[in-house]
Amino acid sequence: MRDFNVQPQALVLRLALLVVAAVLLVFLSRQGWLRPVEDAVAFVAVPIQRALDSTTGATSYVLGSFQETRNLREENAALRRDVERLHQEVVSLRGARIENRTLREQLGYAQTTSEWNLLPAQVIGRDPTNLLDAIIIDRGSSAGLEEGMVVVTPLGVVGKVTSVASHWSKVQLITSPSMAVNAVVQGGPRRTFGIVYGTPDGLHLRYVLQTEELNEDDLIVTSGMGGGFPKDFVLGKVAVVQQEDHEVFQTAVIEPLVDFSQLEHVMVVANFVPLPLEEREFTAPTS
């Protein structure tokens with residue numbers, strides 16, 4: 001049978017020994033006799049502590065770098081969205097400015113040609129290869145358009161309506177080989193007549209007698225003869241005069257003032273009624 005009366009005495013003895021040991025260690029440390037032991041412990045513990053500190057610092061640095069990278073990505077994404085939005089705004093404003101300028105030019109032109117009822121229209125389709133020499137506009141029979149109506153811009157003649165639907169129409173450009181327009185040289189000493197043809201190489205003025213004066217930069221306009229086009233609409237200017245001594249007629253290359261590749265807005269001469277094709281005449285002179 002165990003004797004429980006001895007346990008408190010043993011506990012007191014142990015505590016007393018611990019106190020004595022602690023006092024002894026303090027005394028030895030103050031006297032410097034424990035310095036070799038302390039140095040040995042420091043030699044082992046300091047590298048471990050530094051390694052732990054370095055690992056903790058590296059971990060904190062890596063975690064901080066991940067967070068900073070994520071923040072930078074989010075900021076870059078926000079900046080890209082802002083740039084795209086601003087770019088779209090610039091494009092929209094630039095398009096609106098160009099459209100407003102074009103509409104102002106059309107309005108001014110319509111006011112100076114009050115003889116004609118000019119119906120504005122927008123180009124909604126074109127042949128990207130320019131092989132068909134045609135465009136599609138957003139006006140049709142619902143707006144009163146008919147086949148044969150002439151399409152112009154403030155810079156000159158664009159072409160003629162050749163096909164009409166309810167809300168769109170096809171316009172054959174004057175550069176098409178199927179087009180021929182009675183023309184006259186504007187501003188010369190006398191009225192010099194000829195016919196402007198569309199060709200794969202551009203516009204050509206033909207059937208001008210060698211005895212007529214024809215010079216570079218002369219302005220060529222519609223003559224109104226033949227009933228196919230109204231009078232005094234610009235076709236272009238003379239770029240090159242071609243003369244041969246043995247020929248009766250001289251010809252010329254005509255440079256249109258209209259840039260057909262950049263057409264966006266046009267006008268339809270709504271109150272000009274062309275003669276039926278079978279009733280038209282062309283004014284080619286005879287030798």
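A residue is called buried when its relative accessible area is under 20%, exposed when it is over 50%, and partly exposed in between, as judged with a 1.4 Å probe and protein chains only. This is a predicted model, in which local features need pLDDT of at least 70 and side-chain atom pairs count only at pLDDT 80 or more, while totals for chains, interfaces and linings use all residues. Residues are numbered from 1 along each chain as its sequence is written, and side-chain values use heavy atoms, with hydrogens and water left out.

Strand 5, residues 169-173, is mostly covered, with four of its five residues buried; strands here are DSSP runs of E with at least two residues, and helices are runs of H or I with at least four, each numbered from the N terminus. Two strands are said to pair if DSSP finds at least two bridges between them. On one side, strand 2 (residues 134-137) runs antiparallel to strand 5 and is joined to it by four bridges, with isoleucine 136 having lysine 170 as its bridge partner. Strand 4 (residues 156-164) also pairs with strand 5 in the antiparallel sense, over five bridges, and here valine 161 stands opposite valine 171. Strands 4 and 5 form a hairpin with four residues between them.

Six strands close into a barrel in the order 1-2-5-4-3-12, with antiparallel pairing.

Elsewhere, leucine 15 lies in helix 1 (residues 7-30) and counts as partly exposed because its relative accessibility is 49%.
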